Amino acid sequence: MFTTTDFDKLQQIMDESPEKKELLQKLLESQKMTISSISHEIRNPLTLVYSTLQLIEAQHPEVSTYKYWDSMRSDVEYMTILLEELSAFNNGESLSLSEIDCSSFLRPVVLSFAASLAESSIEFTSKLEPDLPVICGDAVKLREVILNLLQNAKDAVNPDGAIYFHAFTEAGKLCISVKDNGCGIPQEDVEHIFEPFVTYKQGGTGLGLAIGRRIASAHKGTLSAVSVPGGPTVFTLSLPIEKNA
């Protein structure tokens, strides 16, 4: 699997000449098609297997007490999620662009996440600066990135932790930051958290942040992280403001 750095290097090579660009684009498209085909071919029968397990459990509730039953269901669920995220990573650069009024777009996202914390003691604070711009982007994929950052923050904090969401403009860019007061990320790990299949979260696939950075890059933006071990962690999504979007 290519890392984000590998794709950046390939982009530099493609920029050197039209011939190199055409050849490498064909190779990359071939890789994407292969990943999509494999993911599709595995996901379909796996979905049938999971549906069969659910049917068996519904008709024979006693199986839920059998040894290894729960772990088997968990493994199938994990594999299904992994294939879905692998497909999302593979298609991260395919955008459906439209005009996005950032204030109208972000407000329900924030409210939805706040509602998910209603039964917890986690403190959530959000601030949307006035006069946020209209940008050109893929609303579905950007929402996916933002919710993933918020969910990661939720997973990182203690039951009485705090999360701060801030949307603002800076240097001609829309910036969305998600800050948590969890245990922080060691500096040597921060350098790798955006690489595919690298995860430090139990049960994680290691694709969420890789998908996020790929979507950000497709928007000609960035997704970065700053963390202090034992202190706060801040993820920032920066997107260019298209004046004539």
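Modeller: A polar contact is a pair of N or O atoms within 3.5 Å, one able to donate a hydrogen and the other to accept it. Keep in mind that this model is predicted.

Colleague: Which residue has a side-chain oxygen that reaches a backbone nitrogen at the start of α4?
Modeller: The backbone nitrogen belongs to Ser 103. The oxygen lies within 3.2 Å of this nitrogen, and it comes from the side chain of Asp 101.

Colleague: How far apart are the end C-alpha atoms of α4?
Modeller: α4 has 15 residues, and at 1.5 Å a residue it should span 21 Å. The model agrees with this, because the end C-alpha atoms are apart by 21 Å.

Colleague: What arc do the buried residues of α4 cover around the axis?
Modeller: Buried here are Cys 102, Ser 103, Phe 105, Leu 106, Val 109, Val 110 and Phe 113. In an α-helix, residues three or four places apart point the same way, because a turn takes 3.6 residues.

Colleague: How many residues has the largest nonpolar core?
Modeller: α4, α5, β4, β5, α7, β6 and β7 each supply at least two of its residues. Ile 146, Ile 163, Phe 165 and Leu 237 have the most contacts inside this core. Phe 165 is in contact with residues including Leu 106 and Val 110. The size of the largest nonpolar core is 40 residues.

Note on methods: Residues are numbered from 1 along each chain as its sequence is written. This is a predicted model: local features need pLDDT of at least 70, side-chain atom pairs count only at pLDDT 80 or more; totals for chains, interfaces and linings use all residues. Side-chain values use heavy atoms; hydrogens and water are left out. A nonpolar core is a set of buried Ala, Val, Leu, Ile, Met, Phe, Trp, Tyr and Cys residues joined through side-chain atoms within 4.5 Å. Buried means under 20% relative accessible area, exposed over 50%, partly exposed in between (1.4 Å probe, protein chains only). Helices (H or I, at least four residues) and strands (E, at least two) are DSSP runs, numbered from the N terminus. Contact means heavy atoms within 4.5 Å. The expected span of a helix is 1.5 Å times one less than its number of residues.
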